[in-house]
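Hello,

As promised, here is the structure we talked about handing over. My notes on it follow below.

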Amino acid sequence: VAGWQLDLTLLHANLDNGYDAFAIDNSFVTLSDRPGRDAQRSTGAALDLRREPGRGPQLRSITAWADTRLEASFDGDWGNDRDWGEAGPYDFFSRTVRDRRTLSQDLRLSGAAGRLDWIVGAYGLRLEEDNAQDDDGNYLGDVFGRSFDSRYRATSSALYGQADWALGAVTTLTSGLRLGQRASRYRGSDGAAFAPRDRMWGGQVTLTRALGVDASGWLSVSRGFRAGGFNIGAAIPAERQQFDPEYAIAVEAGLRGRWDGAGLAADLALFHLRRERQQVATSFQLDPQDPLTFVYYTDNAARGRATGLEGSLRWQASDRWQLAATLSLMDSEHLGYRYGERDLDGRGWAHAPRYQYSLAVTWRHPAGWMARADLGGQDGFYFDSSHDQRSRPHELVNLRAGYEAVRWSAHAWVRNLLDERYAVRGFYFGNEPPDFAETLYLRLGDPRQAGITVNVRL
């Protein structure tokens, strides 16, 4: 249609992978006799309709639909009867199937008037999800079995707007507001039923000012939110099945510059974040002799605080050599949070390292040859709120070299060159009979890998 542009995107994905990720001795060798499955079949479509730029306000409509079936299953005891010996039989298995359907609509109107650029819109999302979980187990002749079904429906809606005012030749004021509501309904086969309705609002005000020709600075204050929800599972206690919305206030100030004559680009941001009714992903185990009662859930901490900085630097030292670096520093803590009998007031957040950094050196030849070396590292971090076990700091080295043409490229690469053993997740609970002593079990990051990648652009 004249004056309009229509984009249609279709998606179909069929993934059928095995799942066997846990090893009793924290190695890369698993002992599971009943490996699980990580499968997904999704079909979806998105329709993007917009009026081409011209006089007057611009209208845009984005409609998206998806239908997904997920299956996740795993060997709950991580082993087999031969290895358990006299401590067995010890055999557990869990399987969860989810059917999820979503339909969303985003309708927005944008325009400009003098020194003002503006956008207003409305958004809606309908989600329907059916879950079926089946657990079975056998320990020393005692048979364990659970079946659990649930239905979850949620409707999210929002009105939003943003305006950019040019206050002068070098200063811009940006202000945005979002009003949201999430109405959900949940019912489980155990009799649990909830129908909460969360009304939330957030927004931001940002002042940006040019500092000469090559640099700019900004100051921003924002309020964000995250809706509440449900913890679904047969082993979740009733008092932990539902969690509340979270709100966050953030103040950020930064500088950004690009000096083409010197081949230099840099940015630096300082931030302070306060979280109210902070949502915390954690875990616990109800029955030490039943590993399938180890569950993940979301809890509401009292409050949280984080202060830090993020920066990056890129220097084009010559036509062939480029140096780049990033640095992130953050100090976080819970405020007034108790996990059962544990007092976490003042303790850092889980998966929040105090520092992360990266260094990269890239060489490019005008004929198309290239080589790159990367060094990245981070501090240790707490694995969870349910215990105080931490990871160790680690560094990784990656290498890549190859040839790049206009329509194709080929690279040989090595990731984790030094074969560093490092943890990405940690779980602290009892999973080994007969004593079921609490033990730190680790999910390790990828070991050294090497390969060749070829890309062709048609």
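Where is Pro-434 found? Pro-434 is in the loop between S25 and strand S26 (438-444). Strands here are DSSP runs of E with at least two residues, helices are runs of H or I with at least four residues, and both are numbered from the N terminus.

Before the rest, a word on the source. This is a predicted model, in which local features need pLDDT of at least 70 and side-chain atom pairs count only at pLDDT 80 or more, while totals for chains, interfaces and linings use all residues. Residues are numbered from 1 along each chain as its sequence is written, and side-chain values use heavy atoms, with hydrogens and water left out.

Backbone

The peptide bond from Pro-433 to Pro-434 is cis, with omega near 5 degrees. Another cis peptide bond joins Gly-88 and Pro-89, with omega about 5 degrees. Pro-89 belongs to the loop between helix H1 (81-84) and S4.

Two asparagines have a positive phi. For Asn-26 phi is about 60 degrees, and for Asn-416 phi is near 55 degrees. Asn-26 sits in the loop between S1 and S2, and Asn-416 in the loop between strand S24 (408-415) and S25. With a relative accessible area of 21%, Asn-26 is partly exposed, whereas Asn-416, at 4%, is buried. The cut-offs are under 20% relative accessible area for buried, over 50% for exposed and partly exposed in between, using a 1.4 Å probe and protein chains only.

Aromatic rings

The whole structure holds 24 aromatic pairs. One of them is Phe-22 with Phe-427, an edge-to-face pair at 5.8 Å centre to centre and 75 degrees between the planes. Rings of Phe, Tyr and Trp (its six-membered ring) count as a pair if their centres lie within 6.5 Å; planes under 30 degrees apart are stacked, over 60 edge-to-face, and the rest tilted. This pair links distant parts of the chain, 405 residues apart: Phe-22 is in the loop between strand S1 (4-19) and strand S2 (36-51), and Phe-427 is in strand S25 (residues 423-430). Phe-22 is buried at 12% relative accessible area, and Phe-427 is buried at 5%.

Phe-92 and Phe-144 form a tilted pair, 5.4 Å centre to centre with 50 degrees between the planes. Phe-92 lies in strand S4 (residues 90-113) and Phe-144 in strand S6 (residues 142-166), so this pair ties together parts that are 52 residues apart in sequence. Phe-92 is buried, with a relative accessible area of 0%.

One aromatic cluster includes Phe-22 and Phe-427, and among its other members are Trp-78, Phe-294 and Tyr-441.

The charged end of Arg-443 sits over the ring of Phe-22, 5.7 Å from its centre. That label requires NZ of Lys or CZ of Arg within 6 Å of the ring centre and within 35 degrees of the ring normal. The charged end of Arg-390 sits over the ring of Tyr-382, 4.7 Å from its centre.

Asp-290

Asp-290 is in the loop between strand S15 (279-285) and strand S16 (294-300), and is buried at 2% relative accessibility. Leaving out residues up to four places away in sequence, Asp-290 touches Phe-92, Phe-144, Arg-146 and Gln-285, where contact means heavy atoms within 4.5 Å. The C-alpha atoms of Asp-290 and Tyr-90 are separated by 9.5 Å, with the two residues 200 apart along the chain.

Regards
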